[in-house]
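Please walk through the structure shown here, one region at a time.

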Amino acid sequence: MALVLRNIYQTFNYFFAEYKDPRVEHYPLLGSPWPIVAIIVIYLKFVKNWGPRMMQNRKPFQLKTIMNAYNLLQIVLNLFIGIVGGLNSYFADDYSWSCEPINQKGNPSRKMLIFVTYLYFVSKIIDLLDTVFFVMRKKYNQITFLHTYHHAGMVVATYVFTKFLAGSHATLLGLINSFVHVIMYFYYFLTSFKPELKHSLWWKKHITQVQLLQFTILMLHFGIPLIGGYCDFPKVLLFIGFTQNMFMFTLFADFYIKAYIKNNKFKSIG
């Protein structure tokens, strides 16, 4: 058993030493993966155990001012990532829409894109505060498997993306996701001034539709070159990108059907 664990550890270290991107090594949290593992473990422990226990005998916090500032920060940050990232990738003359291979050679024109990619990774860590706020406000019904899995999974995925794949074919995921988050956090920001919007199915339904569209585009983005075989991008990563977005599409589609189709049928019958 000790020999197996040692071999796994050595393989793990070899992978990180051999394939790491030297362009991002100087950024905080992009060295060893253990700080990211620690963040995920602490996040899950707080959400499932420490947080509810801490709030057990306390009244829910309001947090209106903090959440307004948080939502505004998220809007500005994600808008910056989406616009600047897009201008330095898909709308640049030397970037391919159909297939952009991994290139860690330090192309000067990619410097801003690498920085924006790192900001995207940081934004996913900041996103974990969504769940922290739910706990502190005792909104436990909103802490679903989909919510927790998505937030924790995105931290891991963006860490891998930024450390090994910055500036490559996977960039579209971050750009689309950033614009989706601009819409989401703008909605959250509006509801703090117009609480009645929280009960508006129109907003919630269309935000979910935008998320489903996001996953559909990304399935095509990873799936077409995977099937076509024309892209100099690791097939295993194309497969992971395709299946992960298909999984997320399935989870969100299940939520959409239960929340907006079945519920409407029951209301119309009543």
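A polar contact is a pair of N or O atoms within 3.5 Å; within protein, one of the two must be able to donate a hydrogen and the other to accept it. In this predicted model, the side chains of T171 and Y95 are joined by such a contact, at 3.1 Å.

T171 belongs to helix 7, which covers residues 171-193. Its relative accessible area is 3%. Because buried means under 20% relative accessible area, T171 counts as buried. Leaving aside residues up to four places away in sequence, T171 touches S89, Y90, Y95, L113 and F161.

Helix 2, residues 34-55, is the next stop. This helix has a kink of about 55 degrees, centred on F46. F46 is also one of the buried residues of helix 2, together with I36, I40, Y43, V47, G51 and M55. These buried residues pack against helix 4 (111-127), helix 5 (129-136) and helix 6 (145-164).

Is Q209 buried or partly exposed? With a relative accessible area of 30%, Q209 is partly exposed, because that class lies between the 20% limit for buried and the 50% limit for exposed. Along the chain, Q209 and A253 are 44 residues apart, while their C-alpha atoms are separated by 8.8 Å.

Terms used: Residues are numbered from 1 along each chain as its sequence is written. This is a predicted model: local features need pLDDT of at least 70, side-chain atom pairs count only at pLDDT 80 or more; totals for chains, interfaces and linings use all residues. Side-chain values use heavy atoms; hydrogens and water are left out. Helices (H or I, at least four residues) and strands (E, at least two) are DSSP runs, numbered from the N terminus. Buried means under 20% relative accessible area, exposed over 50%, partly exposed in between (1.4 Å probe, protein chains only). Contact means heavy atoms within 4.5 Å. The bend at a residue is the angle between axes fitted to the seven residues ending there and the seven starting there.
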